[in-house]
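Reader: Before we discuss labels, could you show me the model, so that I can ask what stands behind each of them?

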Amino acid sequence: MASDRPVREAENRLERFNADRERLLAEVERRVVARRVGESKVGGDHSLENVLNDVAFNEIRRLEAGSGKNGLDRWKELSRRLLGMSEEEKASELRKLVRHYGEDVVGNFDPRVYKFATGIGPSLLGFVFNPITSLRQGMDTLRNLDARISADGELDIVRACAERGTIVVTPTHSSNMDSPAIGLGMLRAHLPPVTYGAGKNLFSNPFISYFMRNLGAYRVDRRLKFELYKDVLKEYSTVLLEHGYHSLFFPGGTRCRSNIVEKNLKLGLLGTTVTAYKNSVREGAPNKRIYIVPVTINYRLVLEAETLVADYLADTGKSRYIITDDEFSRIGRILEFFRKILVHEGSVVVRFGRPLDVFGNDITDDGESLDRAGRVVDPASFVRGADGEVTDDDQRDAEYTRALGRRLAAAYPKLTVFHSTNLVARALYDSIAKTVGTRDIYRLLRAPTAQLGVKVGDAVEELVRLRARIAANPSFGAEHPQYIDQSAEAKLDDAVKGLGTYHTRPAVTRQGDILQVDDVKLLYYYQNRTHHIPPEGNA
């Protein structure tokens, strides 16, 4: 039976978070200001004038481009005053800004909300997850909530790492439902609560934001592109890790619009793990280990699929924008998601991989780092120079973080769990691609309706071959463990039911012995979870 010791210890640590809050903020302020003032003495682009002007310019541009003008005068006034300010006045203004952005970022933890969310909360959500036709069925739903969101993988070693040191959970990111899904998944896995960065736009949903505000989430405003804000955000993450707060990062950054398993990761916050460990070694605590845990969150159906894939196809090759009004912003749509999607057992599978150290090295079952030859190595040696002293080397540390990112990107496909919707969408996509003569999504979108129908028998044969290839290649991922013995026909029926009834327009419908693709974009989105599996004959 799983030990709850790391969970209890982390709960106690997070219960102290509010008492630590001011101390953490003060440390962030001290470090960022000291670093920026020190760099300004070198001159050039690092001058305090340039730093403050960068903030003012970007804030003015953001506010003028948006619908709200509140605060605009403040930044214009700062921009006007800059040329006449002394270095002491600039340093004072810098300190105020660091404090301002730090207070905007920092999270909160309310033990009462946590106890509700981990006790009564899941039971209440259980009633929502399954349409209730009777009280008895409703009680069954409460008892079987585990069947709706499940957690599996390398759980024993992840728990051991949480007990020995600090874990950083790094999941794939498909939906705004990922935060509650990973939270419930960690609860099921007897893993401790974590702090995590969440896009500020998510706090627009009053129901979800209430829990996020009180369960350790800190706000990340992706509209703020200037360097000082990034400094505050990274330093806050670093300080949290140094103080032993388990954390969660989404290395993919924003939600993956295409549903392809992430491979091009954003390494900004991930780099704070190396910095935090280096600082601990410098402070004489090399055994304060930090472990990186790759995780995939695997949905049968995705709440925002229609909005995400439309954005992806419209803007492929261009910079993305932050979606602020999608399915997640509508409470009624979320309730429909719970009621219609999570009625299916195993609708969400959270799969935990084997942890790595902050340099991307494998570890033993006891949490010791291994070098590329499989030998136990002291991780502190990676941040020490020839004289045994800790050295600061930004280029070296950046390469460590890139190596860690490569290991995570390589782990995600192997940890992917394929639902029937992914497998059948891939089988149908392969079939229509053969008929039309191309896999190019833009050409398939223009294909005539007559070319978008697939005989049921042909779809079953395609599905059987796809499942056989996955079973023979563990590096591709794996089928849902609860349904691995399900027949191809049953899997096809289940997928058509899901893809044909949830979204505003059905992706696929069955018309006699023909499966008609009604929405090529949605079919493309769901099959993209298998994108790393090469087309048959190209393996």
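**What stands behind the labels**

Author: Glu462 has a relative accessible area of 7%, and because buried means under 20% relative accessible area, exposed over 50% and partly exposed in between (1.4 Å probe, protein chains only), Glu462 counts as buried. This is a predicted model, in which local features need pLDDT of at least 70 and side-chain atom pairs count only at pLDDT 80 or more, while totals for chains, interfaces and linings use all residues. Residues are numbered from 1 along each chain as its sequence is written, and side-chain values use heavy atoms, with hydrogens and water left out.

Reader: What makes Lys434 count as exposed?

Author: The relative accessibility of Lys434 is 53%, so Lys434 falls on the exposed side of the cut-off.

Reader: How do you know that Lys434 forms a salt bridge with Glu462?

Author: The term requires a side-chain nitrogen of Lys or Arg within 4 Å of a carboxyl oxygen of Asp or Glu, and for Lys434 and Glu462 the closest N and O atoms are 3.2 Å apart. This pair links distant parts of the chain, with Lys434 in helix H18 (residues 420–436) and Glu462 in helix H20 (residues 456–472), 28 residues apart; helices (H or I, at least four residues) and strands (E, at least two) are DSSP runs, numbered from the N terminus.

Reader: Which residue forms a salt bridge with Arg99, and are the two buried or exposed?

Author: The partner of Arg99 is Glu29, with 3.0 Å between the closest N and O atoms. Arg99 belongs to helix H5 (residues 87–105) and Glu29 to helix H2 (residues 17–40), 70 residues apart, and both residues are buried. Arg257 likewise forms a salt bridge, with Asp311, at 2.9 Å between the closest N and O atoms, and Arg257 and Asp311 are both buried. The structure holds 44 salt bridges, and a network of them links Glu27, Arg30, Arg31, Arg35, Glu235 and Glu242.

Reader: Why is the pair of Tyr277 and Phe359 called edge-to-face?

Author: Rings of Phe, Tyr and Trp (its six-membered ring) pair if their centres lie within 6.5 Å, and planes under 30 degrees apart count as stacked, over 60 as edge-to-face and the rest as tilted. The ring centres of Tyr277 and Phe359 are 6.0 Å apart and the planes stand at 80°, so the pair is edge-to-face. Tyr277 lies in helix H14 (residues 271–282) and Phe359 in the loop between strand S8 (356–357) and strand S9 (369–370), so the pair ties together parts that are 82 residues apart in sequence.

Reader: What makes the aromatic pair of Tyr312 and Tyr524 stacked?

Author: For Tyr312 and Tyr524 the angle between the planes is 25°, with 6.5 Å from centre to centre, and the pair is accordingly stacked. Tyr312 lies in helix H15 (residues 305–315) and Tyr524 in helix H22 (residues 520–527), so this pair ties together parts that are 212 residues apart in sequence.

Reader: How do you know that H20 is roughly perpendicular to H21?

Author: The axes of H20 and helix H21 (residues 488–501) cross at roughly 110° and come within 9 Å; axes are lines fitted to C-alpha atoms, for helices over the stretch in contact, and angles run from 0 to 180 degrees between N-to-C directions. Angles under 35 degrees count as roughly parallel, over 145 as roughly antiparallel, 65 to 115 as roughly perpendicular and the rest as oblique, so H20 is roughly perpendicular to H21.
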